[in-house]
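Q: Hi! Could you walk me through this structure while I have it open on my screen?
A: Happy to, just ask away.

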Amino acid sequence: MDLSEKQKMLTGQLYRATCPQLQAEQLANKHWMQRYNSGADLHNEQRHGLLLEHFGRAGADAVIRPPFYCDYGYNIELGARVFMNFNCVILDVAPVSIGDDCQIGPAVQIYTADHPRDPELRRSGLESGRPVKIGRNVWIGGGAIILPGVTVGDDAIIGAGSVVTRDVPAGATVVGNPARVR
């Protein structure tokens with residue numbers, strides 16, 4: 001049985017994001033983002049309702065301050081009491097899991113989208129994704145970037161502006177580009 005492009009995407013295989021199904025889902029997500037980001041007068045409970053409607057999971061009291069941007073939404077799982085500040089981006093072509101009590105600064109970017117290293121494959125339009133997992137009680141400073149396939153352990157700290165290219169151990173503080181344990 002041939003897998004659909006969406007099934008390939010969800011299982012980390014090379015896929016084409018330009019297929020009609022994924023294009024339709026990106027359009028639906030665009031409309032959801034417009035509703036979410038234009039609701040300046042919404043209370044946190046109303047905004048949380050929008051997260052519940054669109055995300056894979058949104059724990060109790062999870063807050064994302066708009067504007068917020070993502071690819072699909074349904075691949076994002078937020079734990080309880082997660083706080084994401086203004087202008088965050090999650091490219092969720094693969095699962096993104098954020099544990100309870102995480103604090104995420106403004107303009108943080110979390111990427112699961114990846115591209116082939118081979119130039120011919122990349123030119124063909126194929127892409128893939130690798131999940132990102134962020135443990136409980138993690139603090140991510142403003143402007144940090146988390147790259148595809150990274151796992152961040154519980155209680156870790158990621159310094160502002162850091163580019164996280166590798167897994168971060170539980171309880172570690174990482175800073176810089178590339179981020180290194182301090």
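Q: Which residue does Gln 109 stand opposite in β15?
A: Gln 109 stands opposite Ile 145 there. Keep in mind that this is a predicted model.

Q: How many bridges join β10 to β15, and which way do the strands run?
A: Two bridges join them, and β10 and β15 (residues 145-146) run parallel.

Q: What about β10 and β7, how many bridges there?
A: Three bridges join β7 to β10 (residues 109-111), and this pair runs parallel too. Within that pairing, Leu 91 stands opposite Tyr 111 in β10.

Q: And where does β4 come in?
A: Strand β4 (residues 68-70) is joined by three bridges to β7 (residues 88-91), again in parallel. For one of the partners, look at Phe 68, whose bridge partner in β7 is Cys 88.

Q: So what is the strand order of the whole sheet?
A: The order is β4-β7-β10-β15-β18, an open sheet of five strands with parallel pairing. The edges are β4 and β18 (163-164), each of which pairs on one side only.

Q: Changing topic: where is Thr 112?
A: Thr 112 is in the loop between β10 and β11.

Q: Is Thr 112 buried or exposed?
A: Buried, because its relative accessible area is 0%, and the cut-off for buried is under 20%.

Q: Which residues is Thr 112 in contact with, leaving aside neighbours within four places in sequence?
A: The list includes Leu 91, Asp 92, Val 93, Ala 94, Pro 95 and Val 96, and also Ser 128, Gly 129, Arg 130 and Pro 148. With Ala 94 there is a polar approach as well: the backbone nitrogen of Ala 94 lies 3.1 Å from a polar atom of the Thr 112 side chain.

Q: How far is Thr 112 from Asn 85?
A: Their C-alpha atoms are separated by 20 Å, and the two residues are 27 apart along the chain.

Q: Now charges. How many salt bridges are there in the whole structure?
A: A search of the whole structure finds eight.

Q: Which residue does Asp 114 meet in a salt bridge at 2.9 Å?
A: That is Arg 117, with 2.9 Å from N to O. Asp 114 forms another salt bridge with Arg 130, where the closest N and O atoms are 3.1 Å apart. This second pair links distant parts of the chain, with Asp 114 in strand β11 and Arg 130 in the loop between β12 (126-129) and β13 (132-134), 16 residues apart.

Q: What else does Asp 114 contact, apart from neighbours within four places in sequence?
A: Besides Arg 130, Asp 114 is in contact with Glu 127, Ser 128, Gly 129 and Pro 148.

Q: And what does Glu 53 form a salt bridge with?
A: Glu 53 pairs with Arg 35, the closest N and O atoms being 2.7 Å apart. Here Glu 53 is in helix α3 (residues 44-54) and Arg 35 is in helix α2 (residues 20-38), 18 residues apart. Glu 53 counts as partly exposed at 48% relative accessibility, and Arg 35 as partly exposed at 42%.

Technical notes. Residues numbered from 1 in each chain as written. Predicted model: local features only at pLDDT ≥ 70, side-chain atom pairs only at ≥ 80, totals over all residues. Heavy atoms only, no water. Pairing = 2+ DSSP bridges. Helix = DSSP H or I, 4+ residues; strand = E, 2+ residues; numbered from the N terminus. Contact = heavy atoms within 4.5 Å. Buried < 20%, exposed > 50% of the residue type's maximum accessible area, 1.4 Å probe, protein only. Polar contact = N/O pair within 3.5 Å; in protein donor to acceptor, adjacent residues only side chain to side chain. Salt bridge = Lys/Arg side-chain N within 4 Å of Asp/Glu carboxyl O.
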